Every structure is written in structure tokens, then in C-alpha cells.
Amino acid sequence: MRALVVEDDRTIADFVGRGLREAGFAVDQAADGESGLASALHQAYDVAIVDVMLPRRDGLGVIDELRRRGVATPVLILSARRSVDDRVKGLQAGGDDYLTKPFAFAELLARVQALVRRASRAPEPTTLSLDDVELDLLSRRVTRGGTVVELRPREFALLEYLMRNAGKVVSKTMILSHVFEYSFDPQTNVVDVLVSRLREKIDRPFDRKLLHTVRGVGYVLRGA
Amino acid sequence: MSSVAPRPFTRTFGLRLATWYATLFVLGSVAIVVLTYALTAASLQQRDQQVIREKLGEYAAAYERGGIDGLADTVRAEQRTAPERLFVRVLDQGAETIVLSQPEGWDPATLELASLRTADGTLVQVGKSSESRDDLLARFRAALGLVTLSIVVIALGGGLLATRSALAPIRALIAAVGRIVDTGRIDARVPLAGTGDALDELTALFNAMQDKIEGLVTAMRGALDNVSHDLRTPLTRLRGTAELALAAQPDAERYREALAECVEESDHVLVMLNTLMDISEAESGAMQLRLAPVALGDVVARAVDLYRDVADAKGVALEVKPGGGVIVDADRTRLEQVAANLIDNAVKYTPAGGRVDVGVRAEDGRAILTVADTGAGIPADELPRIWDRLFRGDTSRTERGLGLGLSLVKAVVEAHGGTVEVQSEPGKGTELTVTLAAG
């Protein structure tokens with residue numbers, strides 16, 4: 001997988017680049033709009049991450065030009081602005097997804113992978129499995145080591161989300177938007193409560209713990 | 001900024017106005033003067049003509065009575081005693097002068113003349129010097145000239161004065177606006193002249209615009225001050241955590257702890273920043289609300305669902321009595337945020353064993369959402385302050401939270417044109433009521 005990061009802030013570009021490399025991407029970086037556009041036009045990338053505010057040519061201009069020239073590389077837009085209008089503008093320019101700064105790297109990675117998956121149209125699995133946990137998406141049945149685990153709908157949704165992102169840390173914000181479909185932060189951590197309920201059912205009765213808390217970042221479901 | 005640019009405009013505008021005014025005034029006055037002169041001259045000439053004609057009539061009668069000699073005698077006798085001597089000449093059929101009487105210093109050029117032919121062909125001519133009349137008219141012309149001149153002076157001066165005073169409010173307005181633009185003082189206002197005319201209206205409009213700008217700028221400044229103030233505390237914690245870890249002996253586990261704390265703290269800062277921005281936007285009217293008919297019951301049910309597990313875990317009964325079919329015109333996400341914050345607050349401050357009741361109902365064309373808890377309640381003296389940013393009652397300090405939830409609720413509800421009220425009894429509980437216009 002090849003990714004292009006067009007971002008003029010060195011620190012952000014570096015941590016995004018490093019993170020993507022650790023996740024198995026081959027990463028090229030560009031620090032301004034013109035060189036970013038040149039790279040995107042001359043090489044095939046599976047995904048591009050483009051900042052909106054760039055020197056020499058802004059991010060939306062880059063995407064616009066790419067789309068005009070028929071380059072369909074999926075683009076994740078990064079922006080420091082949070083208003084809905086900016087989001088709409090970015091998506092209208094031909095961006096495929098939009099992420100507001102500051103962001104959790106975990107969320108960026110999840111979105112990038114979703115874009116790549118969408119572009120490659122990998123067939124949807126009907127069952128997910130990790131270690132000895134099996135999750136049937138059709139019958140909505142969960143077993144661990146052959147034992148049926150009864151989950152309530154929201155716990156099931158959380159487990160499904162964690163299993164789809166197995167081995168990757170997901171942030172509370174990501175869980176909130178994917179499992180609860182809420183886009184703002186409730187003050188009490190409803191995610192903590194849901195995670196501990198799920199942990200109670202999927203981990204507690206078993207010796208091997210799968211659901212781990214990464215303090216400050218989020219949660220990860222990891223096989224032994 | 002250029003405050004000079006508009007001023008030459010009024011100068012030329014005033015001059016143009018004065019010139020127009022003076023020109024019209026002078027033209028009118030000159031027409032009157034010319035007419036007066038013409039009428040006076042004509043009437044003077046007519047009077048002379050009448051004198052001559054009367055004399056002609058007299059002489060013709062004398063001729064008829066006494067023939068040529070009688071006429072000559074009459075002329076001579078009369079002209080000797082007359083106060084103003086006339087020119088008299090009598091000619092026979094052969095154009096021979098029979099009688100001639102003419103004043104001394106006679107100038108034939110200034111003669112008003114009339115003649116009469118008698119039955120036998122004798123011609124009687126009577127003339128009158130127009131010298132005195134010309135003299136009178138000359139003086140009259142001089143007088144009229146003076147009058148015209150003074151009219152021109154008055155017109156120009158008056159025009160300038162009039163336009164000057166007419167333009168004075170405009171000039172004052174321009175000067176005031178110019179000063180405001182130059183100094184950037186948004187609290188300055190232009191005084192009203194109190195005449196109630198169009199200029200007053202313009203001034204009032206300018207002041208109203210200034211009010212609006214001032215309101216917005218003040219709100220923005222306030223928001224900025226609040227944000228920078230409110231962010232200092234979490235940033236201090238963030239910095240302190242990092243600094244402490246760096247100053248201590250190198251220890252991977254300790255670093256890990258500190259870094260995790262830093263990430264949590266920066267998330268906290270971000271949530272705070274977003275909430276403060278939301279509050280400021282809602283309060284200043286800058287919040288973009290995507291209004292659409294929303295079933296209040298659905299929104300509440302979703303929010304209750306969000307907190308169901310939290311309430312269960314805490315041992316708080318969370319009950320909901322959703323009134324189906326209560327529709328409000330609102331921004332769905334914002335309304336969800338309001339409901340979630342209210343329930344969050346109620347669950348947070350209700351001890352185990354307590355209950356939180358959420359209700360939705362329609363009443364007199366209004367949609368009402370109530371969230372009642374059996375928590376510690378709020379002392380009466382703290383009640384008005386619960387809407388303040390970052391206010392947290394003494395009893396609630398131990399709870400985790402931003403102290404921004406209710407400020408946001410109030411700001412968002414008011415941005416929707418609704419109201420929030422609180423009733424609380426210490427020891428018994430608190431009830432918050434949101435009232436919105438039913439759609």
C-alpha cells in the first residue's frame with residue numbers, strides 16, 4: 001500500500017508518516033501543494049492525505065486538479081477548521097473523507113484504511129474471528145472458545161467495531177461516532193461504561209484477556 | 001485608512017449646490033428688473049405722448065377758432081409762460097414754416113414728436129424733449145444695476161450659507177464617521193440632530209450598525225478572553241505533568257504514565273475548546289443551526305439510551321416518559337447535545353439509589369422537556385450561577401466534568417428561541433425545564 005502525505009507542518013507530517021509506515025504503508029511526503037500535486041499525478045497511490053492550508057496551492061485546489069485530470073486516488077482531507085461548511089466544501093472538491101485537527105492518529109489510520117478498503121472493494125465477510133472469539137454478522141451470535149456469549153445490541157456493535165479494527169487502537173471518539181453515532185463528546189464517559197460491560201462478558205470469564213485499555217489513547221482488541 | 005477622501009466631495013457638492021441656487025435666483029431677479037425697467041420706460045413715454053397729444057388738440061382748436069394767426073398767438077403766449085417749453089412748428093400746404101417755437105439748448109435728437117394735419121392741409125407739430133425722462137431712466141437704470149448687483153451678492157452669499165448649513169449635518173456625519181474609522185473606536189456614536197429628517201435617519205442607521213458591530217466584537221473578545229483564560233488551567237496541568245516527568249530520573253514506566261496523562265489532558269483541552277466555541281457561537285448568534293422538524297421524543301429517547309448503561313452502573317433509575325408526536329423546529333444534533341447534557345448532569349449528581357425522570361410534553365403550542373433528579377439539589381444562592389461558564393457548585397466539585405454543560409444547554413436553547421428554567425430544593429433534587437416553540 002502506498003500513501004502520499006501532503007502537509008506543510010513538519011511535525012504533523014512526520015508523525016503521520018511514521019504511523020502509516022508502522023501500519024505497513026510505503027509513505028511519500030510533500031510539503032506544499034505544487035509538489036504534492038506533481039507526486040500524485042506521476043505515481044499511483046492507494047490513498048492520499050492532504051492538508052487544506054498548504055503553501056503554493058491549497059489542498060482543495062490540489063484535489064480539484066487531481067479529479068479534473070481523472071486521478072481517482074481516495075483522499076482524506078485534514079483541516080484545522082471544524083465547521084460543517086468546510087467539511088461540505090472539502091467533500092465537494094472531491095475529497096473522500098475529512099478529519100479535523102487535532103486528531104488521534106488511531107482515527108486517521110482507521111479512516112485511511114476504510115478508504116483503501118472501499119477503493120479495493122474487498123468482499124464483506126459474514127463472520128469475524130479473533131483468537132477464539134467468533135462473531136457471526138448474520139445471526140448476530142458471539143462465541144468464545146465455543147461458549148455462547150450473550151451481548152446486548154450496543155455491546156455487539158462495539159465488539160464488531162473492535163474486531164474489524166483488531167490489533168489497532170481505537171479512540172473513544174471513534175467508538176462514540178461508530179457505535180453510538182454521536183458526533184459530540186458527552187461529558188461522562190459513556191464509552192468507558194460500555195467497554196467495561198463488554199469486558200465483563202467477553203474477557204472476565206476467560207483466562208486470556210483480549211480487550212486492552214491503552215491509557216490516554218483508547219482501546220484495542222488483541223489476540224494472544 | 002483614508003478619512004480625507006470624502007471631504008472634497010462635500011466641498012464641491014456644496015459649491016455646486018450654491019451655484020445652482022445663485023444662478024436660478026439671479027436669473028429670476030434679472031427678469032423682474034428688466035420687466036420693471038421696460039414697464040417704467042414705456043409708461044413714462046406714454047405720459048409724454050399724452051402731454052403732446054393734449055397740446056396738439058388745444059392748438060388744433062385754436063387754429064380752428066382763429067386760423068393761422070390765432071394759433072401763432074396762442075403758441076407764443078403759451079410758450080412764454082409754460083414751465084416746460086415744448087417744440088411747436090406749424091407748416092402750410094407748401095411745407096413752409098409758419099410758426100416755430102423751440103426751447104433753448106434744443107437737441108433735436110431727444111425729441112418726442114407728434115403731428116396733426118388740419119382740414120386745410122396745415123401741419124401742426126408738437127415735440128417734447130425726452131431729456132428729463134432719459135435722465136430719470138438713467139438714474140433708474142443705475143438704481144436697478146445696484147439692486148441687481150446686490151441680488152447677485154446676496155444670492156451667492158446666501159446660497160453658500162444655505163448649502164453650508166444644509167450640508168452641516170452631512171459634514172458632521174462624515175467627520176464623525178471618519179473619526180470612528182480613523183481611531184477604530186467602536187464605542188463611538190454620532191449624535192442625532194433631532195430633526196427627524198432623512199439625515200437623522202441615516203445617522204440612526206449608522207449608529208445601529210455600530211451597535212451591531214460593537215455587540216459582535218464584544219462577544220468575540222469576550223469569547224476569546226474566556227477561551228484563553230479557561231485553557232490556562234488544563235494547559236498548566238499538561239505542562240506540569242510533562243515537566244515533572246522530564247525532571248525525574250529516566251524511567252520508562254513513569255514516562256509512559258506521563259505521556260498518557262498528557263494525551264488525556266490534551267483531549268480535555270480539545271473538548272473544552274470545542275464546547276467554548278459552541279457556547280460563544282450560540283450566544284453571539286453565529287451558530288449555524290440546520291433547522292428541521294424534529295421529534296423531541298426521539299431525540300430524548302436516544303439521549304436516554306446513551307446514558308442507560310452509565311445510570312445502571314451507578315445504580316440510578318433512569319426513567320423516560322416520552323410524549324410521542326411532539327415536533328419542534330430545531331437542529332437535531334444540537335438538540336441531542338442539549339438532551340444529553342441535561343441527562344448527563346442529572347445522572348452525574350444523583351447518588352446511587354436515586355432516580356432521574358425525563359419527560360416530554362406539549363403544552364399551549366410549546367414543547368417542554370423536563371429532566372428531574374433526586375440529587376443533592378442546588379442551594380438558592382447558587383441557582384442563578386449554574387448557567388455561568390465553568391461554575392461548579394461546592395457539592396459538585398468532586399465530580400469529573402467541565403462545568404460547561406449547562407452553559408451550553410442555555411446558549412443552544414436560547415439560540416433556538418427557547419428558554420431553560422431550573423427549580424431546585426437542597427436535599428430533594430433539581431428539575432430543569434426546557435421550553436421550545438412546538439413546530
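Two residues are in contact if their C-beta atoms, placed from the backbone, lie within 7 Å. Helices (H or I, at least four residues) and strands (E, at least two) are DSSP runs, numbered from the N terminus.

This is a predicted model, in which local features need pLDDT of at least 70, side-chain atom pairs count only at pLDDT 80 or more, and totals for chains, interfaces and linings use all residues. Residues are numbered from 1 along each chain as its sequence is written, while chains are lettered from A and ligands numbered from 1 in the order in which they are written.

**View 1. Helix α6 of chain A crosses helix α7 of chain A.** R154(A), A157(A), L158(A) and Y161(A) of α6(A) meet I175(A), H178(A) and V179(A) of α7(A). By class, the contact residues are five nonpolar, one polar and one charged. Here Ala, Val, Leu, Ile, Met, Phe, Trp, Tyr, Cys and Pro count as nonpolar, Asp, Glu, Lys and Arg as charged, and the others, Gly among them, as polar. The axes of α6(A) (residues 153-164) and α7(A) (residues 172-179) come within 10 Å and cross at roughly 125 degrees. That makes α6(A) oblique to α7(A). Axes are lines fitted to C-alpha atoms, for helices over the stretch in contact, and angles run from 0 to 180 degrees between N-to-C directions. Angles under 35 degrees count as roughly parallel, over 145 as roughly antiparallel, 65 to 115 as roughly perpendicular and the rest as oblique.

**View 2. Helix α1 of chain A and the glycine just after it.** α1(A) covers residues 10-22, 13 residues in total. From first C-alpha to last, α1(A) reaches 18 Å, close to the 18 Å expected at 1.5 Å a residue. The expected span is 1.5 Å times one less than the number of residues. Just after α1(A), G24(A) takes a positive phi of about 100 degrees.

View 3. The peptide bond from K101(A) to P102(A) is cis, with omega near -5 degrees. D131(A) is not a glycine, yet has a positive phi of about 55 degrees.

**View 4. Helices α2, α3 and α4 of chain B.** The axes of α2(B) (residues 131-183) and α3(B) come within 10 Å and cross at roughly 10 degrees. The two helices are therefore roughly parallel to each other. P169(B), I170(B), L173(B) and V177(B) of α2(B) contact L199(B), L202(B), T203(B) and F206(B) of α3(B). Seven of these residues are nonpolar, one is polar and none is charged. α3(B) (residues 198-247) also packs with α4(B) (residues 252-284), at about 175 degrees and with axes 9 Å apart. That makes α3(B) roughly antiparallel to α4(B). Their contact holds 18 nonpolar, six polar and six charged residues.

**View 5. Confidence in chain B and in the complex.** pLDDT is the predictor's confidence in each residue, from 0 to 100. Chain B averages 82, and 92% of its residues score at least 70. Confidence in chain B is lowest in strand β2 (residues 97-101), at a mean of 78, and highest in strand β9 (residues 366-373), at 91. Over residues 1-6 of chain B the pLDDT is below 50. Beyond near neighbours in sequence, this stretch has seven contacts in the model. The predictor gives the complex an ipTM of 0.70 and a pTM of 0.61.
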